[in-house]
Amino acid sequence: MSEVRAKKALGQHFLTDQRIAKAIVDALGEGARDVLEVGPGMGVLTQYLLERPDIDLKMVEVDGESVQYLMRHFPGLEGKLLEADYLKLNIRKIFPGPYRVIGNFPYNISSQIFFKILEDKDLVPEVVCMIQKEVADRIAEPPGTKTYGILSVLLQAWYDIEYVLSVGPGAFNPPPKVNSAVIRLRRNSRTELGCDEALFKQVVKTAFNQRRKTLRNALKPLIKEGTDTSDPVFDLRAEKLGVEDFVRLAIIIATDARN
């Protein structure tokens, strides 16, 4: 079926199930306007995106072979398809205003893609993507579960996350060794955290890097001598805390750092 050789180094698994491809595109909200497809591959999503009159589509693809295939099979892509590494791209040169993101994300860099999306969170109101099911579960999990982690907190701070559907290995060529899932992220109403955002990220990452320890011990590198750690939150482990709890921790640490 494939005219493009799937490259393991790029984490390529081409979706072949047309029903699922259409469901992914249909999950993108109406009136989407500017849309960026990350890693179009052989165009299984592209074909349906191009059919939507409400979408002005741009695509970024790192694989030159895929770019050549897309240009041959989809007339009129000039100016819409960019051969580049999404992770290294200055998206604001392509979209000066809001844009939505869609794609079958390469599983080996899906977390990095989400971190890049977070950098542009004020410009990205919606994301619809296929990722490894384990990562999807982690992102969508509430506090208190073993899979809840750094990406869960950072994304849930800014987005409402919806689990759309599960996808088995048989929907791909070549089939991956894991199950997949489609999730949708929609920007919530939060405009600011109420604390220093860089410190918030640092607190979250430091806490989960030693998730078996209580926060009193896990956050020692950030806590200044003499800081009041009597707040009961310091007796908990990172996986028990929601976004607001981490905001409160960042405020406590920042306040004591100034004293």
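Two strands are taken to pair if DSSP finds at least two bridges between them. Helices (H or I, at least four residues) and strands (E, at least two) are DSSP runs, numbered from the N terminus. The structure is a predicted model, in which local features need pLDDT of at least 70 and side-chain atom pairs count only at pLDDT 80 or more, while totals for chains, interfaces and linings use all residues. Residues are numbered from 1 along each chain as its sequence is written, and side-chain values use heavy atoms, with hydrogens and water left out.

Strand β3 spans residues 55–61, and strand β4 spans residues 81–83. The two pair in the parallel sense over three bridges. Between them the chain passes through helix α3 (residues 64–73), and this β-α-β crossover is right-handed, a term that applies if, with the strands pointing away from the viewer, the path from the first strand over the helix to the second runs clockwise. Strand β3 also pairs with strand β2 (residues 33–38), again in the parallel sense, over six bridges. Within that pairing, L36 stands opposite K58 in β3. Five of the seven residues of β3 are buried, where buried means under 20% relative accessible area, exposed over 50%, and partly exposed in between (1.4 Å probe, protein chains only).

Strand β2 also holds R33. This residue has a positive phi of about 60 degrees although it is not a glycine. R33 counts as exposed because its relative accessibility is 64%.

Strand β6 (residues 126–132) is mostly covered, with seven of its seven residues buried. It pairs in the parallel sense with strand β5 (residues 100–104) over four bridges, and V127 in β6 is the bridge partner of V101. The chain reaches β6 from β5 by way of α4, in a β-α-β crossover that is right-handed. Strand β6 is also joined to β9 by seven bridges, and these two strands run antiparallel. In this second pairing, E126 stands opposite R186 in β9.

E126 lies in β6 and counts as buried because its relative accessibility is 3%. Its side chain is joined to that of R100 by a polar contact of 2.9 Å. A polar contact is a pair of N or O atoms within 3.5 Å; within protein, one must be able to donate a hydrogen and the other to accept it, and residues adjacent in sequence count only if both atoms are side-chain atoms. Leaving out residues up to four places away in sequence, E126 is in contact (heavy atoms within 4.5 Å) with A27, L28, G29, R100, V101, R184, L185 and R186.

The largest nonpolar core has 58 residues, of which F105, F114, I117, F200 and F246 touch the most other members. Such a core is a set of buried Ala, Val, Leu, Ile, Met, Phe, Trp, Tyr and Cys residues joined through side-chain atoms within 4.5 Å. At least two residues of this core come from each of β2, α4 (110–119), β6, α5 (133–140), α6 (150–156), β9 (180–187), α7 (197–209) and α9 (243–258). The largest share, eight residues, is supplied by α9. In soluble globular proteins, nonpolar side chains tend to be buried together. Apart from neighbours within four places in sequence, F114 contacts F105, C129, I131, I139, L151, L155, I183 and L185. A second, separate core of 29 residues includes I55, M59, F74 and F172.

Among the cysteines, C129 is buried, with a relative accessible area of 0%. C195 is also buried, with a value of 19%. The structure holds zero disulfides, a disulfide being a pair of cysteine sulfur atoms within 2.5 Å.

Two prolines lie in loops. P174 is placed in the loop between β8 (172–173) and β9, and the peptide bond from N173 to P174 is cis, with omega near -5 degrees. P232 is placed in the loop between α8 (215–218) and α9. P232 counts as exposed because its relative accessibility is 58%. From P232 to L215 the C-alpha to C-alpha separation is 9.9 Å in space, with the two residues 17 apart in sequence.
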